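Dear colleague,

I am passing a structure on to you, and below it you will find notes on what turned up when I went through it. Please read them with the model open beside you.

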Amino acid sequence: MSAADGKTRREGASTSRARLRHRFNGWLAHHRLSAADSLARVLDNPVSSLLTWLVIGIALALPAALDVALDNARQLSDKWDSPAQLSLFLSASVSSEQARELSRELQERPDIAAVTLVSREEALEEFSLLSGFADVLDSLDSNPLPDLLLVTPVPEADSVAALQQQLSADPRVAEAVLDMAWLERLNTLMDLSRRMVLALGGVLVAGVVLILGNTIRLAIESRREEIVVVKLVGGSNGFVRRPFLYTGLWYGVGGGFFAALLVAAALWFLGEPVARLAELYQSSFELGGLGIMGSLNLVVLGGLLGLAGAWLAVSRHLGRIAPR
């Protein structure tokens, strides 16, 4: 290979790299121009843009707010969650000595971690203090409450329900109640609610995509003549598509921002009553919100939905516009 041929190849490679660099710079410049121009067009119509942002924000805020409510409810239920406990209500014929004897017997079982005896006198005193019916209870001839045994199974127990059945069979036990059954039902109800929120969120997300798609379709129709001129001078579909994709992005981002504001406003409105209610129950519970990352995720989700709606509209309607 001669020196001239080598020089020619190096010059050709340099020219090719320069062309690629110019094409990339042009592509990047058009992206910046399209983003700025589409944002300016959105802001030039503040009323219609604000209405679109509010519609998108409400559609996104509803499932987000329900999800935050479920997270707060689960956080509250986690504080209630404790080792399963059996409440054994003894028969009225069982004496205090027999109740203590049964307590010692259960304490010796390997599948029971602890047993607490609550005598009928202690139960009556506690009920009088909590219920406010002390005067009525003092007028009774006898104590209507039975002795109570609070049984805590060992954490490694295979089946608390089986233990409940065994203790229920004891003739000294009138009723055996599993205190955690209500919490299990609550957790099941919350799982069902979570699925319902996901289903509702999916429907509303689809609605947001359709709303944005219709908005972009109207924008395409309003700029039909401009699109025809761009195609006449050789503009590609990608070149024409880019501004509308950015328009959808700005609508989606704005809708996500408004959704985060609506959720934050709702939590602020409910924060004080929830704090007062928690104080009345002597609880340290505080209402949680989206947080910074949750709000950013909502904005990002809105932007992605905006791109999806814009792509759907552009792909469907842009090909129908062609110069004659």
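The accessible surface of the chain comes to about 20,300 Å², and 62% of that surface belongs to carbon and sulfur atoms. Please keep in mind that this is a predicted model. Of the chain's 324 residues, 32% count as buried, and among contacts between residues at least 6 apart in sequence, 84% join residues that are at least 24 apart.

As for the secondary structure, the chain holds ten helices and four strands, which follow one another from the N terminus as α-α-β-α-β-α-α-β-α-β-α-α-α-α. The four strands form an open sheet in the order β2-β3-β1-β4, with antiparallel pairing. Because β2 (112-118) and β4 (173-178) each have a single partner strand, they stand at the edges, and one side of each is left without a neighbour in the sheet. On average, and with direction ignored, neighbouring strands of this sheet are turned by 20° against each other.

Within the sheet, strand β1 (residues 86-90) pairs with β4 in the antiparallel sense over five bridges, and Ser87 has Val177 in β4 as its bridge partner. Helix α3 (residues 96-107) lies across β1, β2, β3 (148-153) and β4, and runs at about 170° to β2. Helix α6 (residues 160-168) also packs on the sheet, where it touches β1, β2, β3 and β4, while its direction makes about 170° with that of β4.

Turning to the aromatic residues, a search of the whole structure finds two aromatic pairs. The rings of Trp53 and Phe258 have their centres 6.1 Å apart and their planes at 20°, so this pair counts as stacked. It links distant parts of the chain, since Trp53 belongs to helix α2 (residues 46-80) and Phe258 to helix α9 (residues 237-280), 205 residues apart. Both Trp53 and Phe258 are buried. In the other pair, the rings of Phe257 and Phe258 have their centres 6.2 Å apart and their planes at 85°, so the arrangement is edge-to-face. Phe257 counts as partly exposed because its relative accessibility is 46%. Trp53, Phe257 and Phe258 together form one aromatic cluster.

Finally, Thr52 is also placed in helix α2, and it counts as buried because its relative accessibility is 13%. Leaving aside neighbours within four places in sequence, Thr52 is in contact with Thr215 and Tyr251.

Notes. Residues are numbered from 1 along each chain as its sequence is written. This is a predicted model: local features need pLDDT of at least 70, side-chain atom pairs count only at pLDDT 80 or more; totals for chains, interfaces and linings use all residues. Side-chain values use heavy atoms; hydrogens and water are left out. Helices (H or I, at least four residues) and strands (E, at least two) are DSSP runs, numbered from the N terminus. Buried means under 20% relative accessible area, exposed over 50%, partly exposed in between (1.4 Å probe, protein chains only). Contact means heavy atoms within 4.5 Å. Accessible areas come from the Shrake-Rupley method with a 1.4 Å probe; for residues, only the protein chains shown count as cover. Rings of Phe, Tyr and Trp (its six-membered ring) pair if their centres lie within 6.5 Å; planes under 30 degrees apart count as stacked, over 60 as edge-to-face and the rest as tilted. Two strands pair if DSSP finds at least two bridges between them. Axes are lines fitted to C-alpha atoms, for helices over the stretch in contact, and angles run from 0 to 180 degrees between N-to-C directions.
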